[in-house]
Amino acid sequence: MPKPRPTPPDHLHQPHDKLFKTSFSEPRTAAAFLRSQLPETLSAALDWNSLRVEAGSFINDELRRSESDLLYRIKLEDSAAFLYLLFEHQRQEDPWLAFRLLCYLVRIWEKFRKEHPKARRLPPVIPIVLAQNARLWELSTHFHDLVAVPEGQQEALAPFTPAFQFRLVQLASLPFDKIVGTSLGILTLRVLKAEQIGQLLTSAVWDEHHLNVLAPGALNSLLRYIYHAGSIDKTAFLEKLESLESTTLQENTMTLAEQFRQEGQLKGRQEGRQEGRQEGRQEGRQEGQRQAIEKILKLRHKRVPSGLIEAIEEVSAEKDLDRLLAAAATCETLEEFAGKL
């Protein structure tokens, strides 16, 4: 079975992965969210102050563009335990999610055994899936539901079948005001939810109570994510940015707003130059075709009337120039060629 690999910065191909990992790699933010998603008795037994992020990723290479993960080490009474947070941002539900999780759990335990060769027992791993979905997924969170067991044989086969359950947190089922945690965690999840349903410019995302307490770097990352979202209205975004009432927010976002404007202007100039280069290349190809047509006609017929040259110069469509190039090489007379114009 493939071993987990360290996760270099260039692994974060998708902006939502970067936002997720930046926010939830912060232990306080992760703890505030995760403790709300576990049964009360288990949550109370965990030492949330001890939570730390472990290095590495355990997901399949082919799924790196549709999911991301974080592994946390935490104290459970006097022992070590792990919390495994899998971030799913694919739109379609996957009925094999529990099977993939089983593979990831095995990789986590393999890593533990390699790092602790003298250990005789494995630590608990608690899997939690965070789904950035727009519609609710109807799938079982129990692994044993994936195993086809004949009617009446459930009890007999139960000892031979892996039996674990994962916690499924669906953003589609969470109202904005029911998302809990630190301000960074709350706004991150609100933004991820809002992106799926086209509400990035709503008050739930632009909640100054939470925005005002973010560190400048976190605020910058969050706003940049919103600005570069594919569906966002850039003008409306800048207006929203400039309408913030908090003096602190105004000071922190003034420079950022100017950067966004410059980026937009630069992008416009770059697109204009690119469009100009493309037009220039196209015009160059067309001119080359016209010159080739005229040269072939002169080589074959010696003298070519100026009126015919002028008519060729007026042709601009490449498909017409291609047709005339072939005609110049095959027509027996200039009159026959002129009939092709």
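Residues are numbered from 1 along each chain as its sequence is written, and side-chain values use heavy atoms, with hydrogens and water left out. Because the model is predicted, local features need pLDDT of at least 70 and side-chain atom pairs count only at pLDDT 80 or more, whereas totals for chains, interfaces and linings use all residues.

With a salt bridge taken as a side-chain nitrogen of Lys or Arg within 4 Å of a carboxyl oxygen of Asp or Glu, the count comes to 10. Arg100 is buried at a relative accessible area of 9%, as is Glu67 at 0%, where buried means under 20%, exposed over 50% and partly exposed in between (1.4 Å probe, protein chains only). Both residues belong to a network of salt bridges that also includes Glu88 and Asp94.

A salt bridge also joins Glu313 to Arg290, with an N to O distance of 3.7 Å, and links helix 11 (residues 306-313) to helix 10 (residues 247-301) across 23 residues. Glu313 is partly exposed at 34%, whereas Arg290 is buried at 10%.

Within helix 12 (residues 318-330), Asp320 and Arg323 are three residues apart and therefore separated by about one helical turn; their side chains meet in a salt bridge at 3.6 Å, N to O. Asp320, at 27% relative accessibility, is partly exposed, and Arg323 is likewise partly exposed, at 39%.

Methods: Helices (H or I, at least four residues) and strands (E, at least two) are DSSP runs, numbered from the N terminus.
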